[in-house]
Amino acid sequence: MQPFDLQVPRSLEDALALLPKERSYDGAQLIAGGQDILTVMKNDIAAPTALVELDGLVPGEIEDDGTGGLVLGATATIQEIADSGLVRERFPSLAEAAKSIASPQIRSRATVGGNLHQRPRCPYFRHSGVSCFKKGGNVCLAEFGFNKYAAILGGGPSYFSHPSDMATALIGVGASVEIAGADGATRTVALDEYYVLPDEALDRETVLGANEAVTRIVVPAPAAGVRTTYLKFKERESYDFALAAASVSVVLDGGKVASAKVVLGGVATKPWPSPEAEAALVGQEMGPDAWRAAGEAAVADAVPLDMNGYKLHLVKGVLFRALESLV
């Protein structure tokens, strides 16, 4: 890790003014919980000249929006989301996703904003001595090398698997992010439009500008009668990333699926909405036949690599069990 300065500005405007106007992983960067940026620095993927403290500058509350939805301050910790009665009551899938993340120690420091912005966990990307597409190289080593954890959807020219559980769960409930810029302007972006594929950009994973910051996550009121869940399969029982995950919401009408939302995690280069799985569910009896059809539809366009074909079966199994839990 290279030496750096710690900047503690008095306002968000001052904090954003310290960031470079053009994207640079060697310029000043923001820090909140620090659970990802510090590992990126230790891996020599980035060497920022300064870290800019966000504590106290960005909201951290979990609040009722007055319409039945929620507003999550970007510096709310993952543990606070997991423990929130308001979250558990209205959006069980968000609490389940939060609880599935890492360890209690990490959850107590990691923020929801930071979780949404984790850099790829691909071992080649995280290796300081390796050059890959994501670090300015001319090859994705995972495509032909060790790709057990790589993406089976949305890959090419890079095949990393997106690591954020909260992003998958939040897209599943229709969340948006509020963004503040150094020029004082603000904008709102639907989270399902926030992430970019590798063939759109290799130097970033989101549409966030170089001197912008996410300040809040807005979750709209749930539909009447909606049932939600988040289910994650990981290699270890604790402290691990998803090999496959599913955020699922359904509304039932007389035993049939009136509407459905399916978002996959751990299997694509960004959180992966599956309209194909949703279409396989809607209008069908809420039962094993529909759940199996949804799983088949979810992976119909998947392109596994040499070592990750097992993810096809994991997706089907995780989605089946998630749907089964909503009966």
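**Starting point: Ser176**

Ser176 counts as buried because its relative accessibility is 17%, and the cut-off for buried is under 20%. Keep in mind that this is a predicted model.

- You'll find Ser176 in strand E6, which covers residues 176-181.
- Setting aside neighbours within four places in sequence, Ser176 touches Thr188, Val189, Ala190, Leu191, Arg216, Ile217 and Val218.
- With that same exclusion of neighbours within four places, Val177 has contacts that include Leu116, Arg187, Tyr194, Val214 and Ile217.

**The nonpolar cores**

- The largest nonpolar core is made up of 52 residues.
- Leu116, Met166, Leu170, Val177, Tyr194, Ile217 and Val219 are the ones with the most contacts inside that core.
- Helix H9 (residues 165-172) gives this core its largest share, five residues.
- There's also a second, separate core of 32 residues, and among its members are Ala260, Ala280, Ala290 and Ala297.
- As background, nonpolar side chains in soluble globular proteins tend to be buried together.

- Strands E10 (residues 242-253) and E11 (residues 256-265) run antiparallel and pair over nine bridges.
- Val250 has Ala260, in E11, as its bridge partner.
- Two residues sit between E10 and E11 in their hairpin, and Gly254 in the turn has a positive phi of about 60 degrees.
- E11 also pairs in the antiparallel sense with strand E12 (residues 272-273), this time over two bridges.
- Opposite Leu264 you'll see Trp272, in E12.
- The E11 and E12 hairpin has six residues between its strands, and Gly266 in that turn shows a positive phi of about 75 degrees.

**Helix H5 and its cover**

- Helix H5 spans residues 92-99, and its buried residues include Ser93, Leu94, Ala95, Ala97 and Ala98.
- Among the elements covering the buried residues of H5 are helices H3 (78-83), H4 (85-90), H6 (104-107) and H9.
- Strands E8 (212-219) and E9 (227-234) are part of that cover too.

**A nonpolar patch on the surface**

- Met1, Phe4, Leu6 and Val8 make a nonpolar patch on the surface, and together they have about 380 Å² of accessible area.
- Met1 belongs to the segment before strand E1 (5-7).
- Met1 is partly exposed, because its relative accessible area is 43%.

Terms used: Residues are numbered from 1 along each chain as its sequence is written. This is a predicted model: local features need pLDDT of at least 70, side-chain atom pairs count only at pLDDT 80 or more; totals for chains, interfaces and linings use all residues. Side-chain values use heavy atoms; hydrogens and water are left out. Helices (H or I, at least four residues) and strands (E, at least two) are DSSP runs, numbered from the N terminus. Buried means under 20% relative accessible area, exposed over 50%, partly exposed in between (1.4 Å probe, protein chains only). Contact means heavy atoms within 4.5 Å. A nonpolar core is a set of buried Ala, Val, Leu, Ile, Met, Phe, Trp, Tyr and Cys residues joined through side-chain atoms within 4.5 Å. Two strands pair if DSSP finds at least two bridges between them. Patches are made of residues with over 30% relative accessible area and no salt bridge: like charges are joined within 9 Å, nonpolar side chains (Val, Leu, Ile, Met, Phe, Trp, Tyr) within 5 Å. Accessible areas come from the Shrake-Rupley method with a 1.4 Å probe; for residues, only the protein chains shown count as cover. A salt bridge is a side-chain nitrogen of Lys or Arg within 4 Å of a carboxyl oxygen of Asp or Glu.
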